[in-house]
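Here's a quick briefing on the structure shown next. It takes the fold of one chain to begin with, then the place where two chains touch.

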Amino acid sequence: MSFSAWLELIASGLITGGIYALVALGLNLQYGLMRILNIAHGEFLMVGAFLTWMVQTSFGLSPLWMIPVSFALLMGLGIAIHWLCFRRLTATSPNLDVFEARGLMVAFGLMFLVQNVISYVWGGDLRGYDFLTQPVQIPLPGGEAQFAANKLLVFALALVFAGALIVLLRQTLLGKGVRALMQSPIGAQLVGIDTKRLHPLMFGIGLGLSGVAGCLLSMAYTISPSMGEPYTVTALIVITLGGFGSMGGALAGGLLLGVIEAVGMHFTNPSLKALLSYVVFISVLLLRPEGLFTRKSRKA
Amino acid sequence: MTSRQFLIRDLLVLFGLTGWAVALPGFASEFAVSMALTCLMYIALSSSWAMFCGTTRYLSLATSAFFGIGAYTSAIGLESLPWEQVIVLGALVAAAVAVVMGAAVLHLRGTYFAVLTFGMTELIRHAISYFEKSVTGTVGRVLMVVPERETIYLTVLLLAVIAVALSIVIRRTRFGLALQGIGADEQRAQTLGVNTRIVKTAGFALTAAIAGAVGAAMSVRWTYIDPHTVFNPFIGFQTVLIALIGGAMTLWGPLIAAIVFSVLAETLRLQVPQLYMMSLGLLLILSVLYLPGGLASLRTDTFKGWKNDIQAWWTDIKDDLSGETKRRKEREKKRREQRHVY
């Protein structure tokens with residue numbers, strides 16, 4: 001295999017990986033921060049994608065306008081869900097283990113609920129629309145590679161969102177509070193962080209990010225009510241690779257997974273893709289449950 | 001009642017239910033029998049799930065893996081082996097897989113365990129579909145030699161009875177106590193001399209054996225199986241949901257919930273399939289939030305508690321709307337200020 005073919009392969013892997021990282025950001029915030037393993041993450045992503053599709057096809061609005069709209073809508077939904085379900089769960093659970101198990105069950109319920117509401121309203125068909133489908137030539141050393149413009153756009157926006165979130169968490173006071181909450185919820189309360197306000201807000205932002213991811217994905221891929229579950233699994237794999245709660249880790253993990261899949265698929269065969277990602281997932285969970293990129297081991 | 005009387009009561013109830021279920025094909029319609037078959041399948045699956053996962057609080061999502069393994073064993077072995085041996089073989093293969101899987105994952109707890117078992121289920125499903133596609137050259141398998149419908153029904157009934165009887169008996173043995181000890185506090189159980197590794201692996205294998213046997217028995221009902229039907233993660237999810245909604249720590253909870261769900265499924269699924277899934281999700285959320293002990297823990301006190309909660313909530317809303325909360329706060333503030341003055 002020539003050098004340029006290698007480069008093209010890795011570039012296509014990186015583009016898919018950027019999308020994976022984007023999908024994982026919201027779940028990472030929710031699980032890393034609040035120990036809510038939101039298994040319904042992919043379903044909310046699907047809601048974002050359907051909202052975008054609906055607005056695009058019925059009003060002809062550019063999907064780019066829907067990025068802030070779906071963020072705001074899903075953030076509101078997230079705050080409402082937190083207020084309805086997880087507030088009571090936090091109050092009644094005796095310890096963190098029980099809270100995690102119950103939160104997982106509530107998320108399962110949400111998954112069934114959301115997925116079927118959407119398929120009841122819009123039906124189970126595959127849908128999609130055309131947006132920036134023309135190919136773009138990218139000069140690589142030793143040749144040229146072609147990628148669809150919408151995938152490149154999604155990749156760029158994924159990097160922007162991941163970068164923005166990392167800056168938000170590192171540089172601002174809000175981010176400092178959030179990181180404190182990740183390290184120790186009780187300690188954070190003791191130094192005067194209002195966890196009762198921060199928790200719903202962060203859950204909402206997590207859902208909002210999944211809405212953004214759905215909005216972006218609908219530009220490049222076809223959508224259907226059952227699209228959520230594979231993305232949830234991908235998001236889980238990515239945050240395990242990167243280490244729970246680490247945004248930089250999620251970005252690196254997503255890119256790595258994309259490259260692994262692209263290279264693996266090239267050398268074996270495309271129907272092994274799902275098998276490959278599960279093998280990566282299970283081996284990381286078994287061998288390095290704290291993530292590939294974390295230096296200190298955290299208590300699992 | 002003493003513990004012995006409880007044992008006798010439980011066995012008598014089981015005996016009565018069994019007798020009724022044996023008589024069912026004699027008088028009920030074909031539709032009712034097929035509904036009862038689904039119901040029995042979920043009773044066996046969720047009772048055996050609750051036996052290990054409920055008492056130890058290890059949330060396993062691997063039921064569909066064992067179910068599928070059993071189904072495939074039966075699909076391969078049915079032509080050369082008699083029916084009973086096929087079922088036993090399905091149970092053994094599933095248990096063997098569970099021992100291997102358990103050795104790898106049973107040292108992890110909580111969400112890690114749940115996610116890992118789910119990942120392994122999907123891994124097995126994808127591995128088998130890849131194997132079938134590339135080596136066998138087909139996607140699914142057609143089962144040619146199928147036993148009588150009566151035989152299938154009685155086999156699944158037998159498995160359900162075994163599952164419930166096992167959970168009645170096991171909670172009275174040292175093994176059952178060890179499982180409960182692990183659920184309450186694993187380190188303490190270890191300190192008190194329980195070999196947790198062996199106990200956990202044995203419990204996991206037992207659950208898997210029943211799920212495998214059920215899979216082997218149920219596969220012939222479909223006559224055509226492929227990895228997506230028998231390894232359907234939904235089988236695993238629904239087992240867990242039934243056990244949790246019924247009450248994973250209780251004996252009869254999974255059975256009650258399995259009956260409720262089968263009736264709900266058959267009546268709703270035909271008209272509006274989405275509505276069934278929606279109500280499943282909603283019921284799960286409500287039961288986790290308001291009835292964490294499950295349906296079987298429902299007592300008159302539970303209703304009283306709910307009534308008090310609703311009353312308190314209603315007074316809160318009334319106070320808020322009439323401005324009473326605001327006035328109360330003002331009064332308290334004034335009182336505080338007065339205290340500061342003197």
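This is a predicted model: local features need pLDDT of at least 70, side-chain atom pairs count only at pLDDT 80 or more; totals for chains, interfaces and linings use all residues.

Reading chain A from the N terminus, the elements come in the order α-α-α-α-β-β-α-α-α-α-α-α-α.

**Overall shape of chain A**

- Chain A has a radius of gyration of 19 Å, close to the 19 Å that the globule rule gives for 300 residues, so chain A is as compact as a globular protein of that length.

**Packing inside chain A**

- Of the 300 residues in chain A, 48% are buried.
- If you take the contacts in chain A with a separation of 6 or more, 75% of them are between residues 24 or more positions apart.

**Where chain B meets chain A**

- The contact brings together 29 residues of chain B and 34 residues of chain A.
- Three helices of chain B each supply at least two residues to the side that touches chain A: H5 (110-136), H11 (233-246) and H13 (273-290).
- H5(B) gives the most to that side of chain B, with 14 residues.
- Sorted by class, the side of chain B that touches chain A has 21 nonpolar residues, along with 6 polar and 2 charged ones.

Notes. Residues are numbered from 1 along each chain as its sequence is written. Chains are lettered from A and ligands numbered from 1 in the order in which they are written. Two residues are in contact if their C-beta atoms, placed from the backbone, lie within 7 Å. Helices (H or I, at least four residues) and strands (E, at least two) are DSSP runs, numbered from the N terminus. Ala, Val, Leu, Ile, Met, Phe, Trp, Tyr, Cys and Pro count as nonpolar, Asp, Glu, Lys and Arg as charged, and the others, Gly among them, as polar. The radius of gyration is taken over C-alpha atoms; the globule rule is 2.2 Å times the number of residues to the power 0.38. A residue is buried if 20 or more other C-beta atoms lie within 10 Å of its own, exposed if 12 or fewer, and partly exposed in between; C-beta atoms are placed from the backbone.
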